[in-house]
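Here are my notes for you. Keep the structure open beside them and check each point as you go.

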Amino acid sequence: MKITLKDGSVKEYASAKSIIEIAADISEGLARAACAGEVDGEVKDLRTILDADCSLSILTVKDPEGLRVLRHTASHVMAEAVKRLFPEAKVTIGPAIDEGFYYDFEAEPFSREDLDRIEGEMKKIIKEGRKITRFTLSRDEAVKFMEEKNEPFKVELIKELPEGAEISFYDQGGFVDLCAGPHLMSTKGIKAFKLTSSSMAYWRGDSSRAKLQRIYGSAFASKEELAEYLAKLEDAKLRDHNRLGREMKLFTTVDVIGQGLPLLTPKGTKMVMKMQRWIEDLEDNEWGYVRTKTPLMAKSDLYKISGHWDHYKEGMFVLGDEEKDKEVFALRPMTCPFQYYVYKNEQHSYRDLPIRMGETSTLFRNEDSGEMHGLTRVRQFTISEGHLIVRPDQMAEEFKNCLALAKYCLTTLGLNEDVTYHLSKWDPNNREKYIGEPEVWEETEGHIRRVLTELDIPFVEDVGEAAFYGPKVDINAKNVYGKDDTMITIQWDALLAEQFDMYYIDQKGEKVRPCIIHRTSIGCYERTLAWLIEHYAGKFPTWLCPEQVRVLPISEKYADYAEEVCAELKKNKIDATVDNRSEKIGYKIREARNDRLPYWLIVGEKEQAEGTVSVSSRFAGNEGTKPLAAFIAAIREEIDTKAIRQVEAAEEKK
RNA sequence: GCUGAUGUAGCACAGUCGGUAGUGCGUCACAUUGGUAAUGUGGAGGUCACGGGUUCGAUUCCCGUCAUCAGCUCCA
């Protein structure tokens, strides 16, 4: 038989069995072959897979596609285990996902103990080494088949398939599931799996429909890889900003203040202020921005003009009652209209444009109560907001500059490697969510696509993710648990200038509508802080650290000298403190390390006599004794250049 | 908003089958005055998230509210 390899080359083999035997040759590859014979697929990392078209695929489970098949099969095994233990449970769907798989059941909620029992049952099914076979039915037969099994969700799925379709089922030796496949050919191929959690989900993701219980699990090619994955999850917990940020006293929350309203403590505030001062100076001095400071609230009339009242009212905090009160106010969810009125304060010539307005802007959004999370999803946040009022002929260039500024900020923070770029488009099938005509959307989306392509930035296109007034570039990053959050957004708005009657005067003396770019450079400070905590596991670049240096006197005798050193550091705008408790030096050093300080200075008799400091850091451990002035010069340089100092190998081992 | 779990000292957690609570770390005091990851001793600190109900008596049982977590959905 012939096998076509991924690279297109064709190989010929004598029998199905020999495919398995020679599989080592193509262990990183994927082969598909028309194959009639039955193959028991188990050769080390290789597991055979019964493909949708009844041909035989050979995938290694190191291949992402193969791993997905493995996980999908694990979800079917889980479904069988659940049906055995909870016969009244109804099955729905169970796909493979990025890090594992899930299956949704209509059932009573599962406890951790239930999951452990299900795991045990799955192990039995795997051990039994059932052959998995595929068969097809016509649609009517398929409906009848699932009706007899009393599986209403499956019946619903089948009825939606086109008439005359051949509907495939996979039978794993008793348990049969509707499925497009492919699957492993034996349950024995699942070598390492773990059920991680359970939660509620809605049938078809629709909150008005049936409540289902979802069980998440993960499966890997080997026990070692599973162990590595579980260890990674443990590590993620240690980096989780919501835990580490509180532990490091960067922020806290208080029940009576409310959900989604975190309090930044002095340390967290210091970090945010360092970023804010940097960004404001950078934008104003190097990127041509002017700064505004506009109200945090406005009358409802403003939001009626902007369209927010129609499109975003549920997300706003409204002060007052439209029925009873003469004037109703709302806290602002965006800065846009406020800066538009700054623009409209005077008449502008085409020569004035582009006008780039920046504002460190606090916004309020009334999120649903279940949405709040740590610093990443809050009801009040402060963003490096800005709007550029631009002539149409300048748009591409200005949009590019906004992307360049964002990229520069990310690179400086050391976060640029973490991100993915998205072109967020409107949804032509959901027009009431958006303003403007289809042609405008087509055109503006095309502009953004061109800019991204010209800048050679890889991006994905997401339908239905646009703002109601225009398409945008979203720059997303994954949190430690792999969940994507938008960190930065840059939006192309060809519509709101019309709503606000904004114009400039062109060469001919005529009024022309400008275009608008809504953008942020560093995103909102709360979310960026969260991202920094997780990226650096709390070990921030020195320039961002709320406490950059701690002076540790060996004993109280040297407390005065320690204070002198600290005062000198502060005079040089270095955030320094003294630990003058009557603890042993080893204890103070341990605490300095646990507090993730970049530097600590040990001072005793020798240092006091010589006017020196003994420098240690989390980058290199003991760095030796230096004159204080030399240390100050070095750390100033590190701070001023916003250097990200790497940890040295010898230190890493500790 | 929905589903589930959780809420005991600053933090991590025990515990009370209903009779108002403990441990470790931290903190404070005293002694110790030290050289690169934990000195010793002693003390303080809790309306057991909040509000109702049942009870002679509730931190414990029941109901509600608030908050936290996981997920769904929604978003920067």
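1. Start at Arg134, which stands opposite Tyr170 in E10. Strand E9 (residues 133–137) and strand E10 (residues 167–171) run antiparallel, joined by 5 bridges. Strands pair if DSSP finds at least two bridges between them. Helices (H or I, at least four residues) and strands (E, at least two) are DSSP runs, numbered from the N terminus.

2. This is a predicted model: local features need pLDDT of at least 70, side-chain atom pairs count only at pLDDT 80 or more, and totals for chains, interfaces and linings use all residues. Residues are numbered from 1 along each chain as its sequence is written, while chains are lettered from A and ligands numbered from 1 in the order in which they are written.

3. Tyr170 also has a bridge partner in E11, Asp177. E10 and strand E11 (residues 176–178) pair in the antiparallel sense over 3 bridges. Their hairpin has 4 residues between the strands, and Gly173 takes a positive phi near 85° there.

4. Now look at RNA strand B. It is surrounded by 59 residues, and the closest are Ser369, Gly370, Thr486, Ser555 and Gly604. Near means that the C-beta atom, placed from the backbone, lies within 6 Å. H17 gives the largest share of this surface, 7 residues. Elements that each supply at least two residues include strand E13 (192–202) and helix H18 (605–610).

5. Helix H8 (residues 266–286) packs on helix H15 (residues 525–536) at about 110°, with the axes 10 Å apart. Axes are lines fitted to C-alpha atoms, for helices over the stretch in contact, and angles run from 0 to 180 degrees between N-to-C directions. That makes H8 roughly perpendicular (65 to 115 degrees) to H15.

How values were computed: Parallel < 35°, antiparallel > 145°, perpendicular 65-115°, else oblique.
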